[in-house]
Structure formats: structure tokens, C-alpha cells
Amino acid sequence: MIAIDKTSQLPDDQRVVMTAVGLTSPNGNNLEEYRANLLAGKSGVKDYEIRYVGKTLAGICNFESTKYQTKKDIRRGTRAGAVGVWAAQEAVARSGLDWSNVDRSRVGIYVGVTEHGNVETENEIHSIKAFDYDTQYWSHHHNPRTVANNPAGEIALNMGITGPHYTIGAACAAGNAGIIQGVQMLRLHECDIAIAGGVSESIHTFGIFASFKSQGALASHSDPSQASRPFDRDRNGIVVSEGSCMYVLERLSDAKARNAPIIAEIVSYAINTDATDFVLPNPERQAQCIAMALARGGLAADQIDIVSTHATGTSSGDSQECDALRRAFGSSNRTRFNNTKSFIGHTMGAAGALELAGNLPAFQDRVCHATINVENLDPDCALNGLVVQEPQELSRVDYILNNSFGMLGINSVLIVRRF
Amino acid sequence: MTPAEIRDEILDILSEIAPDEDLSDLEDAKSFREQMELDSMDFLDIVMELRKRHRVQIPEDEYTNLASMASTVSYLEPKMKDIIKA
């Protein structure tokens, strides 16, 4: 029997459940394919080349982009919009909702982004170089492509959704933040259905790669599949990836009323801030964020079965998160820890949502997927319960906690429960 | 460029702007909008492409000349007659 958390004692119209998920990741374009590749240890990181930076590595999505968009829509819009449309459409298609009869003025779209607009701005500057930087050659599409709400707005346009749409800029905590926003809006009855998650188009901006390289934080490896190696002694940085993961969220009362399939219930969350540095994390604040999420949910650390870690493969970031995890879960013998970035790299704004998604099937199959590429565990990253190299079968999985942290010291934690 | 070459160039620009459209049956005398889904941003794309490809400048108050293939070619003929087709 599942332990009772605070959220399950709320009235059904204050409880929020996930009824579908749509995604594209570097190693899968739906949950089944993605999960199978996570269990099989299959990486999605490939060789990649981008202007000015040259040869590097990236997690690249390869989905049927014209399934839901015309070629003209793709040309006019952004990559963030395209991956967002794919995931949102896939989620709705899997939700069992009778979409043609859904009141779309009551649907809200909440999309987490790490950054937006860099791709298009770089493209335009590159383009006008041929015209000696004469701005009369600057595209009229630049503004609609670069407004911060673009990815959410493209989903709204594509799906005829007339409820609220906006993005949540939260660095690499954005995927969790998008979902949290959806939960809050449903609880406030600002919408009846929330399409929430995160997107990343970051592999199309050379600036992201160049900046990580200048910071000494861009991963390199002769074998792309081994480049993203959180917790390993030989990790040397981040693999930048694109991706998207959007959930259909509904109040439990509505989901029950339509006999919707329920993937998980969102039982708690927390967001806080380090206020200590632009890039370096603060394990004390991370541990506080985890503790806050546990306390809000009325949960103890040893009730969490799986922690999906944020670790990106940087030298200090990984060990700092492990420090925070020891503070928060030191007393738990039950909790297992894994890391999805070891397979797909860092999907930036999509990371929180996508990394949670890959763990959700554990509620049914009771398997904690591994962290791959941990050949020599860094002693600073040694955690009781860290699942490395091979998936681990568990006796039961009731609660999953998802960490997602970002620059400027934003920390986010989401806890979901088997339903 | 000859009028036929200008027409080919406009067709090429249109195929880039509206990649989902079948342009093989485009009637020159009919307006583009009657035959294709084009909005104001698309017409700005035509203007921008002509500017980028051939340095042809089209003042805003003359955009109406781009209504149909026939009117576009006729309007562009004096502006593009000295351009050598690449």
C-alpha cells in the first residue's frame, strides 16, 4: 500500500495528475522508445558540427517534423516551436481527450525554456554579414521568432488553443518549472487542461557551445556515446542537446470524470534560489529545496524510491549535487539515484521534463534505469543507491523525485507518485 | 533579365516561401492570394528575397504591384532588365 502523503488528502479538484506525455529526445520520439533505450543503455549523443565552433558533440532529435506542421510553418517558426509542437501534439494524441470537443479557451500552455532567441539572432547576424551588416537585410521574422513566448505561442497557433500561453525562463530548471506552473494554474482553476513541460533548441546556437567551451565545461570524447559521463572520474563537461517533453496535466476530478489514463500524480514541488553565484551551485540550497519539497508533500526521504539527478557531467556541479543528495537522503536505504544526461546529454529547457518522463514507467516495471558511462566512479560522487551501468530491479516504486537546477542558482524539485 | 527569367526567379522565391504549394498551375493573371495561402509576412519575404538576391529595392507604397505574377513581372522588368541571370 502506498504511504499517504499530504497531497492525496486534498480534494480531487486540488490534486493534479499527468494523463499523457509527448516527447522527442536524442534517443527516442515517444515514451516507449525512449524508455527502451534508457533500459538498453543506448546513448543518443552524436558527432555534430556548428558554425564557428566546428566539430563537437550533441544530442540531436530526429522526428517526423511534417507530421504536425506544414513545411511553411516550420520555415516561419523556430526549432523550439517545432519540437514543442511535436511533443504537445503527441501528448494530446495519447491523452484520450476528444480534442475536437475540448474547450480550447480553457487549455493553458506552460513551456520551460533555458534560453530563447539566440538561434535566430545568430542566424540573422550571420546572414547580414554578407551585406556588410546593413540592417535592411535583417528578417522581418526575427521578432516573432525571438519573443520569449515563441515556443508556447507556436503550440497555441498550431493546435488552436486560445487559453493562456507563455514560457517560463528558468535556465536548466525550466522543465520542472513549466510543469510546476501548470500544476499551479490548474489548482487556481485558471485552466482545465495544462500542456506543460520544456523545450530545447540549444544545439542550434553556437554561442551555447562556445560559452561552455570558454568556461571549460564542454564535453569532448573520441566516442560520442561516452562523452556525457556524470559522476565518472573522467567527466569533462556538458553535452548540449535539443529535445522537448510536454505533459497533459489535469485536475484529478476531471481526469476521473473522463476515465483518463493516469501516469502519475504530482504530489509536491519546490523552487528556491542559491543567491551565491552566477554558475556555481550551492549544495546547501539544493538540499533545502529537496527538503522543502519533501516537507510540503508530507514525505520522508526514505519514502522516495528513485531520484532522477540533475548532474550534467561538470567537475564541480556533479559533486556538489551529490553533497546535497547526501544531506537530503543520507538516512535513506531505500532511495536509488540515476542520471538521464549520461544517455542524452543536457537537453537544457527540456531536461527536467524529459528526465522525469524516462523514469515514469518505473511505476509499472519497477526498474530504475542506470547512469551509463560511470566506469570509474568519482569518490566525491559516491552515493549509497547510485545505479550505474546496469538498470536495477526494485521491489516497488511509489515515489520519484526529480532534480533540475540551473544557472543563477535556480533549484527545482518535483515529486510524483504512482497512481 | 528577360520577363521569362524574372518569372522563373519569382517562382523560385515563391517555392521557398510556400514550400507546401503546387505552383505548376499558377495563373499569371490571377492574384497570388486567390491561388495560394500568402499573408503580409510572405509578401515581405518576396521583397526581402529580391533585395538580397538582386539588390532590388521596392518601396512600401509600391508593394501592391506584387499582387499577381503578371503585375509583378511587369513591375520588375525595368528594375531588373540590366541584371544578368546567374
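How many bridges join strand β14 of chain A to strand β15 of chain A, and do the two run parallel or antiparallel? Select residues 399–406 for β14 and residues 410–417 for β15, both in chain A. The strands run antiparallel, and 8 bridges join them. This is a predicted model, so keep that in mind at each stop.

**Stop 1: the end of the pair**

Pick A:Gly406. Opposite this glycine stands A:Ile410 in β15(A).

**Stop 2: the sheet around the pair**

Now widen the selection to the whole sheet. It is open and has 10 strands of chain A. Walk across it in the order β5-β4-β6-β8-β1-β9-β15-β14-β10-β11. The pairing is mixed. At the edges are β5 (165–169) and β11 (336–338) of chain A, and each of them pairs on one side only. From one strand to the next, the twist averages 25 degrees.

**Stop 3: two helices on the sheet**

Select residues 283–297 of chain A. This is helix α10, and it packs on the sheet. Helix α10 touches β9 (264–273), β14 and β15 of chain A. Its direction makes about 145 degrees with that of β9(A).

Next, select residues 351–359 of chain A, which form helix α13. Helix α13 lies across β1 (16–24), β6 (193–200), β8 (243–251), β10 (306–308), β11, β14 and β15 of chain A. Helix α13 runs at about 75 degrees to β8(A).

**Stop 4: the sheet of 3 strands**

Move to another open sheet of chain A, with the order β2-β3-β7 and mixed pairing. The edges are β2 (45–50) and β7 (240–241) of chain A. Each has a single partner strand, so one side of each is left without a neighbour in the sheet.

Zoom in on β2(A) and on β3, residues 54–59 of chain A. They run antiparallel, joined by 6 bridges. One place to look is A:Tyr48, whose bridge partner in β3(A) is A:Thr56.

**Stop 5: a salt bridge within chain A**

Show the side chains of A:Lys67 and A:Glu90. They form a salt bridge, with the closest N and O atoms 3.3 Å apart. A:Lys67 lies in the loop between β3 and α2 of chain A, and A:Glu90 in helix α3 (residues 79–95) of chain A, so the pair ties together parts that are 23 residues apart in sequence. Over all chains, the structure holds 35 salt bridges.

**Stop 6: where chain A meets chain B**

Bring chain B into view. Here 15 residues of chain A are in contact with 16 residues of chain B. The two chains bury about 1,400 Å² between them, 47% of it on carbon and sulfur atoms.

Across the interface, 14 residue pairs are in polar contact.

Finish on helix α2, residues 71–76 of chain A. Its 4 residues are the largest share of the side of chain A that touches chain B. By class, that side has 5 nonpolar, 6 polar and 4 charged residues.

How values were computed
Residues numbered from 1 in each chain as written. Chains lettered and ligands numbered in written order. Predicted model: local features only at pLDDT ≥ 70, side-chain atom pairs only at ≥ 80, totals over all residues. Heavy atoms only, no water. Pairing = 2+ DSSP bridges. Axes fitted to C-alpha atoms, helices over the stretch in contact; angles between N-to-C directions. Contact = heavy atoms within 4.5 Å. Buried area = accessible area lost by both parts, 1.4 Å probe. Polar contact = N/O pair within 3.5 Å; in protein donor to acceptor, adjacent residues only side chain to side chain. Nonpolar A, V, L, I, M, F, W, Y, C, P; charged D, E, K, R; others polar. Salt bridge = Lys/Arg side-chain N within 4 Å of Asp/Glu carboxyl O.
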